[in-house]
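Biologist: Please take me through this model, and set each term against its definition as it comes up.

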Amino acid sequence: MKHDVFELRRGRTPLLISMPHVGREISADQHHRYVERALGSEDTDWHLEPLYAPIAEQLGAGMLVPRFSRYLIDLNRPPEDTPMYPGASNTELCPTRFFTGESLYKDGLAPDAAEKQRRIEQYWAPYHQALQGELQRLRQEHGFALLFEAHSIRSELPWLFEGQLPDLNIGTVEGKSCKQVTRQAIEIVLQAQDDFSWVVDGRFKGGYITRQYGRPELGQQAVQLEMCYRCYMVENDMGFTGYELDAACVERVRPVLTMLLQAYLMANPSRSAA
């Protein structure tokens, strides 16, 4: 299913992979607002679509992929724009800063309330209508739905957090967005591998989508993975040598991602598999 602002690829299992920050486009009518650097959409969750696509095909998972950049509107923030992490630096529904802290917008050209509402209606609402509709379809077809929120980020961003993140950061909203058996199954996979450092419900416990749609009591679970860029791209102490997939890194991380998603499914067998 293709829409102006997203593409939904339906799978054959209860699992849906949402990746709300992979979009890179900024609509041409908004270019005049942004500083030139912003038009490169550097804080994108780079290349997650090609990284996850073979896994989704193998496991029969669906994928929900947006077209536009988080610099227009952040699909993983609440429409009322309340902070996700009180007491820490937060990016807004319509972000005004790079992850390094500098302004995205030219002086006086940040979106006002009317422009924010327009962006909600044009970009945010269609994505969430599709997400909610697909989760409902999965519940009707399989008896439940499993949402996996795929994200990625630089390993070090002093404006957002101290020090260096673990490679793999699982968020379950302190166990509220999924069943305990799901959380345990994911932890077992992470404990069994030695290639990547990891944490569950650390700095990133789950954004708006995980919190809003993770309703295990209603047969709808959600798990977020915030993965460091270094897991699948080249990253060094000075930043990046380029926003390109690194074949050797992909070869190491893709099997771990596959096992995580397999564990998610196996901990929650569908009626057809029973």
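Modeller: Let us begin with strand β7: Gln 220, Ala 222, Gln 224, Glu 226 and Cys 228 point one way, Gln 221, Val 223, Leu 225 and Met 227 point the other way, and all are buried. The model is predicted: local features need pLDDT of at least 70, side-chain atom pairs count only at pLDDT 80 or more, and totals for chains, interfaces and linings use all residues. Residues are numbered from 1 along each chain as its sequence is written, and side-chain values use heavy atoms, with hydrogens and water left out.

Biologist: What makes β7 largely enclosed by the rest of the structure?

Modeller: Buried means under 20% relative accessible area, exposed over 50%, and partly exposed in between, with a 1.4 Å probe and protein chains only. Nine of the nine residues of β7 are buried, so the strand is largely enclosed by the rest of the structure. Strands (E, at least two residues) and helices (H or I, at least four) are DSSP runs, numbered from the N terminus.

Biologist: Which strands pair with β7, and in which sense?

Modeller: Two strands pair if DSSP finds at least two bridges between them. β4 and β7 pair in the parallel sense over nine bridges, and β5 and β7 pair in the antiparallel sense over four bridges. His 151 stands opposite Glu 226 in β7, and Ile 170 stands opposite Leu 225 in β7.

Biologist: What is the strand order of the open sheet, and which are the edge strands?

Modeller: Seven strands form the open sheet in the order β1-β3-β2-β4-β7-β5-β6, with mixed pairing. The edge strands are β1 (6-9) and β6, each of which pairs on one side only. On average, neighbouring strands of this sheet are turned by 15° against each other, direction ignored. Axes here are lines fitted to C-alpha atoms, for helices over the stretch in contact, and angles run from 0 to 180 degrees between N-to-C directions. Helix α3 lies across β5, β6 and β7, running at about 165° to β6.

Biologist: Which residues touch the most other members of the largest nonpolar core?

Modeller: A nonpolar core is a set of buried Ala, Val, Leu, Ile, Met, Phe, Trp, Tyr and Cys residues joined through side-chain atoms within 4.5 Å. Of the 51 residues in the largest such core, Ile 17, Tyr 52, Phe 148, Met 227 and Tyr 232 touch the most other members. The elements that each supply at least two residues include β2 (15-18), α1 (48-59), β4 (145-153) and α5 (247-266). The largest share, nine residues, comes from α5. A second, separate core of 33 residues includes Leu 75, Leu 104, Tyr 105 and Tyr 208.

Biologist: Where does Ile 17 stand in the sheet, and what does Ile 17 touch?

Modeller: Ile 17 stands opposite Phe 148 in β4. Contact means heavy atoms within 4.5 Å; not counting residues up to four places away in sequence, Ile 17 touches residues including Tyr 52, Leu 64, Phe 148 and Leu 261.

Biologist: Why is the aromatic pair of Tyr 52 and Phe 148 called tilted?

Modeller: Rings of Phe, Tyr and Trp (its six-membered ring) pair if their centres lie within 6.5 Å; planes under 30 degrees apart count as stacked, over 60 as edge-to-face and the rest as tilted. Tyr 52 and Phe 148 are 6.1 Å apart centre to centre with 55° between the planes, and therefore form a tilted pair. Tyr 52 has a relative accessible area of 0% and is buried; Phe 148, at 2%, is buried as well.

Biologist: How do you know that Arg 137 and Glu 134 form a salt bridge?

Modeller: A salt bridge is a side-chain nitrogen of Lys or Arg within 4 Å of a carboxyl oxygen of Asp or Glu. The closest N and O atoms of Arg 137 and Glu 134 are 2.7 Å apart, so the pair qualifies. The two residues are three apart in helix α2 (residues 113-142), which means that about one helical turn separates them. Glu 134 counts as buried at 2% relative accessibility.

Biologist: What makes Glu 174 and Lys 205 a salt bridge, and which parts does the pair tie together?

Modeller: Their closest N and O atoms are 3.7 Å apart, so Glu 174 and Lys 205 meet the definition. Glu 174 lies in the loop between β5 and α3 and Lys 205 in the loop between β6 (198-200) and α4 (208-213), so the pair ties together parts that are 31 residues apart in sequence. Glu 174 counts as partly exposed at 44% relative accessibility, and Lys 205 as partly exposed at 26%.
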